[in-house]
Structure formats: structure tokens, C-alpha cells
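The sequence and the structure are shown first, and the description follows.

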Amino acid sequence: MLLINDLKLHSEKLRDLTDAAIARVLDRGWFVLGPEVSVFETQFAQYIGVAKSVSLANGTDALELALRATGIDKGDLVATVANAGMYTTTALIAIGAQPFFIDVDSASRTTTLQECERALEAGVKAIVVTHLYGRAAPDIKAIAARCAHHKIPLIEDCAQAHGAKVDGKTVGSFGDIACFSFYPTKNLGALGDGGAIATNNLQLAETVARLRQYGWSSKYQVTLGNSRNSRLDEMQAAILGEFLPLLDGWNERRRAIALRYAAVIKNPAVQLPAFSGEDYVAHLYVIETSKPESLRAHLKANQIASEVHYPIPDYKQPVFGDQFSHVKLPTTEKLAATILTLPCYPELTDAQVSEVAEAVNSWAP
Ligand SMILES: Cc1ncc(COP(=O)(O)O)c(C=O)c1O
């Protein structure tokens with residue numbers, strides 16, 4: 001079976017680098033918030049093109065702590081898309097804030113300036129823009145300008161888009177604060193959980209740094225409430241530090257796979273994702289068809305795995321009961337019913353990509 005992602009291939013290829021990183025940490029005997037974390041945070045901030053990065057235990061904590069740092073509190077209305085797997089909504093639930101769900105554009109599958117304007121009119125206290133599937137939101141610059149004008153914080157969720165660019169500028173450097181996940185399948189993935197925020201605002205960085213460690217301003221002195229333990233450990237930081245210089249090469253390979261799919265898939269019942277170049281780091285290659293289940297079964301019969309990212313719009317999740325029954329986002333709902341993700345990861349060979357593409361071509365709905 002061709003897997004949707006093959007992390008064993010990835011970690012085997014990187015075994016020497018990983019072994020060296022782990023040995024360094026073991027030799028030093030410092031395991032949490034030490035020199036590897038500091039070095040990685042500096043390197044990652046430089047890569048994104050911002051002043052500061054603060055590493056965390058995972059990407060969902062990054063969203064929650066970023067929102068808290070910008071002042072979001074219980075009852076506050078916050079704009080988010082509903083097609084991105086519930087992560088931002090989960091962070092909002094943790095805070096007790098209210099999601100204001102906004103729709104996405106059918107080509108980029110990310111939100112638009114127009115939808116953000118609608119949210120601003122509704123009185124949101126912050127906007128989260130998710131750069132989904134590795135595609136930078138095309139409107140991000142205009143949205144940032146609107147948010148700045150309204151003095152409303154803009155949070156970028158870059159968990160699926162490490163290294164994607166708009167006009168030569170890396171995502172994560174447009175908003176007030178950006179959130180990243182280093183979950184193993186991400187474009188920059190650790191060998192365990194990990195996350196970070198990135199920002200040019202030193203005060204926000206300082207607040208997140210306190211929130212991640214019990215609210216301490218100094219050891220055992222607690223000055224911030226709603227804090228927790230959300231630290232990246234030294235081994236993951238050392239591993240991420242070794243992987244970061246390889247990220248652009250991996251993104252290139254992912255993009256080459258997407259281009260190959262675009263060249264070979266020729267099935268009139270299937271629509272391919274739109275991208276132009278550096279705006280897409282091909283985290284997920286998501287196609288559309290009116291009969292995704294049938295295509296999925298056909299691929300499975302051909303020993304090819306596929307996935308749906310994501311089948312349920314956030315506002316339709318069972319956890320909410322009928323709380324959001326008034327919400328209707330046409331493009332989000334259409335996408336949920338038509339999307340299918342094909343394998344797309346750096347270790348896929350050209351022959352495997354062609355095999356997947358030919359299997360898609362041989363499907364008749
Ligand atoms: C768009 C998006 N945001 C946030 C997250 C949350 O990251 P984590 O799984 O590290 O908590 C993920 C990944 O799982 C994601 O894909």
C-alpha cells in the first residue's frame with residue numbers, strides 16, 4: 001500500500017543527523033528549555049523573517065497562547081475559518097472565546113479580505129488566518145492592512161505552510177503573531193510534538209514565554225494567570241535545528257511532486273489545486289471531485305491511500321450540538337463534500353507520483 005505519508009522513510013534518511021543531535025543533548029544533560037531551544041528559536045525567527053520565536057509543546061498551544069497574549073479572553077468573538085480541522089476553534093474553546101466562522105475562497109481554500117471585512121463589521125476582537133494545505137492566503141497583505149487599520153490583532157496559523165511566501169515574504173511575518181506546529185508530518189516536523197510562535201512584537205513574545213512556563217516572570221514568581229507548562233524539549237529542539245536547513249529543499253521536492261500531479265492528472269471529473277510557485281509548499285495535495293468516496297475506493301483498490309482534510313466544518317462538529325445551526329458557509333461546505341488528499345511528501349519517487357496520477361486517470365465516476 002502506498003501510504004498517505006511515510007515517516008519511517010523520512011526518519012531513516014535523517015538518522016545520522018538525528019543521532020548526532022540526540023547524543024549532543026545526552027552528553028550535555030540538559031533536557032528542557034536549554035541551549036538547543038535558544039539556538040533553534042533564533043534560527044527559526046531568522047528563517048521566518050521576524051524578531052522573535054518562542055517554542056512551545058505543540059501548535060494548538062501556540063494558537064491558544066498567541067490568542068491569550070493578544071488579549072483574547074472569555075466571551076470575545078474571534079474570526080476563524082471552519083475548514084482547517086478545528087485547531088483554532090479548539091484553542092478558542094479552551095479560552096472560552098466565541099468563534100465567528102468565515103468562509104474561504106474556492107481556489108485558494110483560504111479566507112479572503114471580504115470575509116475578514118464581514119468579521120470586522122460583526123465586532124471580532126481578533127482574526128486568525130490559516131494558510132491551509134501549504135498555500136499562503138493570497139489576501140494576507142490586504143487583511144493585515146485592514147486589521148492594522150482597525151487595531152485588531154491578526155494571528156497567522158502557519159502550521160501547514162512553513163516557508164510559503166507572498167511577494168517574497170514568508171508567511172508568519174504578516175500578522176501580529178504567527179503559530180506553527182512541528183507535528184512529525186508537517187513540512188518542518190519534529191520526531192514528536194512541537195510548536196512555536198513567531199512575532200516582531202517583543203512584548204507578545206515575552207507574554208507567550210511566560211504563559212508557556214507557569215506564568216513565571218522569574219523562577220517561582222507567578223505574574224500571569226491562565227498559564228501552563230508548554231515547553232519544547234531539548235531533543236526536539238536539537239532535531240529541529242538540524243532539519244531547518246533542509247526545509248527549503250523538502251518544500252522544493254513537495255512542489256515538484258505537485259507539479260508532476262498537475263502535468264499527469266487528466267481526468268475531467270477531477271479538479272486540481274491552484275498555485276503559482278512559492279505561494280505553495282505542498283503540505284497537502286488536495287483535489288476535488290463530486291464523488292470523492294468513489295475515487296477513494298478506486299485508489300484503495302489500486303493500493304493507494306488517500307485522506308479527507310477535513311470532512312466536517314468546525315461549526316458542524318457534534319461537540320457544538322445546534323449552537324451554530326444558523327451558520328452556513330457555502331464554499332466551506334462544498335469543499336468538505338468534494339475534497340480528497342493524495343500522497344505528497346518529499347520521499348515519494350517520481351514513479352510513485354505517476355502511479356498515483358495514472359490511478360486517478362483510470363477512475364470513472
Ligand atoms: C492548520 C493547523 N493548525 C494547527 C494545528 C495544531 O498543531 P498540533 O497538532 O501541533 O497541536 C495543526 C496540526 O495538527 C494544523 O494543521
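**Domains**

The model is predicted. The domain assignment divides the protein chain into domain 1, covering 9–245, and domain 2, covering 247–361. Taken over C-alpha atoms, the centres of the two domains lie 24 Å apart. The contact between them draws 32 residues from domain 1 and 28 residues from domain 2. On the side of domain 1 that touches domain 2, the elements giving two or more residues are α1 (7–13), β3 (98–102) and β6 (165–166). Of these, α1 provides the largest share, three residues. Sorted by class, this side of domain 1 has 15 nonpolar, eleven polar and six charged residues.

**Ligand shell**

The ligand is surrounded by 14 residues, and the closest are G59, T60, Y87, A159 and S181. The shell is made up of eight polar, four nonpolar and two charged residues.

**Helix α4**

Two of the closest residues to the ligand, G59 and T60, also belong to helix α4, where both are buried. Helix α4 spans residues 59–69, and eleven of its eleven residues are buried, so the helix is largely enclosed by the rest of the structure. The buried residues include the charged side chains D61, E64 and R68, together with A62, L63, L65, A66, L67 and A69. Just after α4, G71 takes a positive phi of about 100°.

**Helix α10**

Which residues of helix α10 are buried, and how are they arranged around the axis? Helix α10 comprises residues 247–264, 18 residues in number, and its first and last C-alpha atoms are 26 Å apart, close to the 26 Å expected at 1.5 Å a residue. Its buried residues are W250, N251, R254, I257, A258 and Y261. Viewed down the axis of α10, these residues fall within an arc of 115°, so they line one face of the helix. G249 and A263, on the other side of α10, are exposed. The cover over the buried residues of α10 includes β12 (285–288), β13 (339–342) and α13 (350–361).

**L340 in strand β13**

Strand β13, which is part of the cover over α10, contains L340. L340 has 21 other C-beta atoms within 10 Å and is buried. Leaving aside residues up to four places away in sequence, L340 touches I287, T289, P292, L295, R296, S306 and V308. One of these contacts, I287, is 53 residues from L340 along the chain, yet their C-alpha atoms are separated by 5.4 Å.

**Backbone features**

Most residues other than glycine have a negative phi, and most peptide bonds are trans.

| Site | Feature | Value |
|---|---|---|
| M86 | positive phi | about 75° |
| Y214 | positive phi | near 65° |
| H309 to Y310 | cis peptide bond | omega near 10° |

M86 is placed in the loop between β2 (77–81) and α5 (87–95). Is this residue buried or exposed? M86 is buried, with 20 other C-beta atoms within 10 Å.

Y214 occupies the loop between α8 (202–211) and β10 (216–218). Y214 counts as partly exposed, because it has 15 C-beta neighbours inside 10 Å, whereas a buried residue needs 20 or more.

The cis peptide bond runs from H309 to Y310, and Y310 lies in the loop between α11 (292–301) and α12 (330–338). Y310 has 19 C-beta neighbours inside 10 Å and therefore counts as partly exposed. Apart from residues up to four places away in sequence, Y310 touches N83 and G85. The C-alpha atoms of Y310 and L340, which are 30 residues apart along the chain, are separated by 8.9 Å.

**Summary**

The chain is assigned two domains. Helix α4 is largely enclosed, whereas α10 has its buried residues along one face.

Methods: Residues numbered from 1 in each chain as written. Predicted model: local features only at pLDDT ≥ 70, side-chain atom pairs only at ≥ 80, totals over all residues. Near = placed C-beta within 6 Å. Helix = DSSP H or I, 4+ residues; strand = E, 2+ residues; numbered from the N terminus. Expected span 1.5 Å × (residues − 1). Buried ≥ 20, exposed ≤ 12 C-beta atoms within 10 Å, placed from the backbone. Arc of directions from axis to C-beta. Contact = placed C-beta atoms within 7 Å. Domains from an automatic or database assignment.
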